[in-house]
Amino acid sequence: MPETAITTVSDAELRWQLMIRRIIHLLLPIVVMVPFLCEIDMPGKPSPLVKQIYYDLEALEPGSVVLFSLDFDPGSQAELAPMTVAALRQCFKNDLHPIVMTHWFSGLGLHKRLLEETAEEFAPDKKSGRDYVLLGFRPGGQSVILSMGDSITGAFDKDYYGKITEGMDALKDVDSLRDIDYALVLSAGGTIDGMWIPYGSDRYGFPIGAGCTAVMAPDLYPFEQSKQITGIIGGLRGAADYEVLVGAPDDATSAMAAQSFAHLYIIGLVIVANIEEFVRKRSKKRE
Amino acid sequence: MWYKRYLPLVLVFLIGLLGFLTQYIPHWGSEEVVSYMARSLLIIVAFAMFIGAYSLLHMHLTRIRRQQAGWAYSLLVFVGATVMIAAGLYNEGTGPMPPLAPRGINTWLYDHVQVPCSATMFSILAFFIASAAYRTFRAKNLNALLLLIAAVIVMFGQVTISERFVNWGLYVANLFPPLHDFIVDGLGVTDTIFRKLAHFVMAAPNMAAKRGIMLGIALGAISQSLRILFGIERSYMGGGD
Amino acid sequence: MPEAPLERASSTRQIVEIVAAVVLLTIFLGASAWRQSDGLSSGTLAGTAEALGIIIAAGLTLIMYSFLYRDNPFFKAVENLYVGVGLGYGAVMTWHQALKPEVVEPIILAPSFGALGSALIVRGVPILLGFMLLTRISRKYSWPSRYSYAIMIGWYAGMGIPITIHTFILEQVNAAINPLFAPGASPLATFLSINTQIIVLVGTVSVLYYFFFSLEHKGAGKVVSRVGIIFLMVSFGASYGYTVMARISLLIGRVDFLLYDWLQRPRP
């Protein structure tokens with residue numbers, strides 16, 4: 001059995017490490033806050049993956065139905081709420097009919113607020129049931145999608161507000177998922193590659209655009225290359241790109257300077273740590 | 001007892017076989033079966049949510065009953081849950097049957113307690129990732145160096161300041177026009193060069209690795225499904241006889 | 001578990017911490033009263049409730065961040081309250097979005113015997129299985145729940161095999177093997193495309209080989225496995241970069257709330 005090297009760290013060294021950690025923690029919110037306080041604006045150019053989703057929605061005829069699966073909760077609202085609002089604005093502007101549902105009940109109150117506030121602010125003439133629908137939540141994950149593949153009004157016989165969905169104007173041309181013109185899945189975990197692609201688009205043949213937290217984005221690239229999704233809106237940068245495309249810079253765009261500063265801060269920490277490591281190694285060699 | 005131990009195993013196999021066959025039989029009857037099963041599972045899963053809630057409350061109740069360390073905090077779990085459920089039942093005086101009142105106590109508690117707590121809880125990780133970047137992100141060998149370079153490219157390429165940096169660089173290069181022309185026309189450098197580089201890392205090596213991992217996971221999932229169908233994997237049966 | 005030596009507070013430090021906490025609380029209340037005064041004194045219930053809600057939300061946010069200094073009773077209290085509220089919200093949503101429309105309204109509140117009969121035909125068995133599922137909470141009589149689990153797990157396992165093969169294997173393998181030459185593309189685009197295609201193919205195969213443990217990795221196999229590791233490292237690095245972006249975004253979200261909602265700083 002190999003011998004395990006036990007390194008003892010002195011109390012002073014522990015204290016030093018704790019202090020360094022606290023300084024790093026203390027500086028981070030300051031770095032994030034400075035661009036807000038100094039009102040630094042730093043919009044960027046949209047990426048092709050985000051543009052693809054934007055152009056997909058632009059290409060739809062007025063009256064087309066866009067399914068929004070908002071599979072996130074307040075834990076990731078900072079990343080996903082801005083892209084939800086931007087995409088909803090685009091739908092309202094182009095007279096598309098968004099149908100909003102979720103697999104995450106813990107975010108339902110947030111989704112309701114986002115939909116209602118966006119409709120009220122940017123399309124006060126739009127009415128629930130006629131121009132958009134908040135289907136709400138049903139438990140079951142894949143089963144909900146399969147059930148919607150049979151009949152959307154069957155899976156959600158009542159909307160979030162308790163109104164019967166059968167016969168709603170916004171759903172009059174839509175019987176099942178096969179009739180959906182586009183699905184935008186904005187997810188904080190698992191529902192794009194675990195549910196909507198295998199049980200939804202691959203089975204019923206509707207196009208999917210994926211909006212996701214930045215943590216999830218690297219896992220979705222294989223699906224974009226295989227054309228199982230049409231594009232990726234990844235994290236807050238993706239949301240900022242979408243806001244720029246929609247022509248309504250908002251929360252995500254104004255956060256880009258703070259995001260940039262924080263990334264530079266972390267890259268700086270990595271560089272300092274590696275210089276320290278290099279110096280330590282060299283002095284060890286000399287000894 | 002056969003109906004406690006063996007019949008569920010037979011049922012798993014038969015239902016699994018049915019699910020398997022429905023994917024290969026393009027017939028309306030097969031579609032009907034899928035539809036009926038989807039609708040049924042939707043109802044069964046609704047009951048399953050109570051099991052989750054029960055286990056959580058049971059854990060906290062046990063902690064209170066045994067007066068384990070920090071048991072008083074567990075009382076707050078009950079306080080939060082009770083207030084929220086009571087507000088939901090009260091529903092601004094309309095009771096539990098009508099839809100949830102839009103500006104009721106329930107919505108207020110959700111907006112002002114659950115939303116900030118949930119959002120803050122996850123944002124705390126930003127601090128840990130910053131200190132981890134300093135403490136552990138060190139190029140001690142080639143593998144660590146590759147990881148570090150990829151991370152820095154992605155971190156820098158993803159933020160808009162990278163576009164500003166390139167523009168500033170080009171502005172400086174413009175002081176010596178041949179150099180500027182070489183960079184812009186010869187090398188084809190634009191302000192999104194770092195973004196493109198980050199995209200290349202994501203769309204080529206990252207994607208290849210993720211696809212390799214995904215294929216491995218898919219093969220593992222299929223073998224796990226077969227183990228379940230043939231009764232080798234039985235953990236879902238729980239304990240007891 | 002005993003506390004780490006540096007986490008144990010001396011009596012002097014405890015006093016300093018208490019004083020600091022009181023000062024911070026005073027600043028928080030003062031800032032809240034100042035910046036939210038319009039809402040608090042609006043005279044309407046909705047306005048006051050909203051302002052009070054923002055103050056509470058800001059307080060909870062700051063208490064949660066106090067964990068970064070040290071684990072403390074306030075953080076623990078808020079953490080448990082959050083779990084409870086989340087649980088309660090889940091129960092209310094399950095009632096309104098699942099049990100009420102799927103079980104109670106069609107069965108218990110059925111408008112006629114005919115409607116009840118047809119609802120029972122469609123929903124009777126799953127509702128029975130749902131109740132059987134609840135027996136899992138009993139240690140002694142949990143066996144009926146096995147039937148419910150058997151149906152759920154058996155269905156997903158059986159149906160999942162062809163779906164997994166199609167979505168995650170066939171589609172992905174198909175995408176990994178693309179034609180190297182696209183007709184009509186410029187020489188530079190063709191060159192880049194060929195390189196990317198080759199990188200993707202080599203990366204996918206070598207990573208798969210790295211995870212193939214039935215064969216000893218030696219000779220040429222060792223080289224392939226080593227290439228697999230290189231791809232994995234780059235991929236993990238890229239994931240780390242994106243994770244940094246995600247976590248920072250969440251912090252930005254809270255800073256945005258504190259500056260613009262709690263402290264009412266005018267948005268640019």
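This is a predicted model: local features need pLDDT of at least 70, side-chain atom pairs count only at pLDDT 80 or more; totals for chains, interfaces and linings use all residues.

Trainee: Fine. How many residue pairs are in polar contact between chain B and chain A?

Mentor: Between chain B and chain A there are 27 such residue pairs, counting those with both residues at pLDDT 80 or more. On the side of chain B that touches chain A, at least two residues each come from α3 (28-65), α5 (105-123), α6 (125-135), α7 (142-157), α8 (161-173) and α10 (193-229) of chain B, and α3(B) gives the most, with ten residues. Sorted by class, that side of chain B has 34 nonpolar, eleven polar and eleven charged residues.

Trainee: And how much area is buried between chain B and chain A?

Mentor: About 5200 Å² is buried between chain B and chain A, and carbon and sulfur atoms give 63% of that. The contact involves 56 residues from chain B and 68 residues from chain A.

Trainee: How many salt bridges cross the interface of chain B and chain A?

Mentor: The rule finds nine salt bridges across the interface of chain B and chain A. One pairing between these chains is E277(A) with R138(B), where the closest N and O atoms are 3.2 Å apart.

Trainee: Switching to the other interface, what does the contact between chain C and chain B take from each chain?

Mentor: It takes 113 residues from chain C and 113 residues from chain B. The area buried between chain C and chain B is about 10200 Å², with carbon and sulfur atoms giving 79%. Within chain C, R146(C), W155(C) and Y240(C) lose the most area to chain B, and together they make up 8% of what that side buries.

Trainee: What about polar contacts between chain C and chain B?

Mentor: Across that interface there are 21 residue pairs in polar contact, again with both at pLDDT 80 or more. The side of chain C that touches chain B draws two or more residues from each of α3 (45-65), α4 (73-108), α5 (113-133), α6 (143-176), α7 (187-210) and α8 (220-262) of chain C. Of these, α4(C) gives the most, with 29 residues, and by class the side has 79 nonpolar, 22 polar and twelve charged residues.

Trainee: How many salt bridges are there between chain C and chain B?

Mentor: The count between chain C and chain B is one salt bridge, in which the side chains of E102(C) and R39(B) meet at 3.2 Å, N to O. Those two residues also belong to a network of salt bridges that links R138(A), D157(A), R39(B), E102(C) and R123(C).

Trainee: And over all chains, what does the salt bridge count come to?

Mentor: Over all chains the count comes to 30 salt bridges. One of them joins the side chains of K126(A) and D95(A), at 2.4 Å from N to O. This pair links distant parts of the chain, 31 residues apart, with K126(A) in the loop between α4 (108-122) and β3 (133-137) of chain A and D95(A) in the loop between α3 (77-93) and β2 (97-102) of chain A.

Trainee: Is K126(A) buried or exposed?

Mentor: K126(A) counts as buried because its relative accessibility is 11%, under the 20% cut-off, whereas D95(A) is partly exposed at 39%.

Trainee: Which parts of chain C does the pair R267(C) and D256(C) tie together?

Mentor: R267(C) lies in the segment after α8 of chain C and D256(C) lies in helix α8 of chain C, so the pair ties together parts that are eleven residues apart in sequence. Their side chains meet in a salt bridge of 3.0 Å, N to O; R267(C) is partly exposed, with a relative accessible area of 42%, while D256(C) is buried, at 11%.

Terms used:
Residues are numbered from 1 along each chain as its sequence is written. Chains are lettered from A and ligands numbered from 1 in the order in which they are written. Side-chain values use heavy atoms; hydrogens and water are left out. Contact means heavy atoms within 4.5 Å. Buried area is the accessible area (1.4 Å probe) that two parts lose on being put together, summed over both. A salt bridge is a side-chain nitrogen of Lys or Arg within 4 Å of a carboxyl oxygen of Asp or Glu. A polar contact is a pair of N or O atoms within 3.5 Å; within protein, one must be able to donate a hydrogen and the other to accept it, and residues adjacent in sequence count only if both atoms are side-chain atoms. Helices (H or I, at least four residues) and strands (E, at least two) are DSSP runs, numbered from the N terminus. Ala, Val, Leu, Ile, Met, Phe, Trp, Tyr, Cys and Pro count as nonpolar, Asp, Glu, Lys and Arg as charged, and the others, Gly among them, as polar. Buried means under 20% relative accessible area, exposed over 50%, partly exposed in between (1.4 Å probe, protein chains only).
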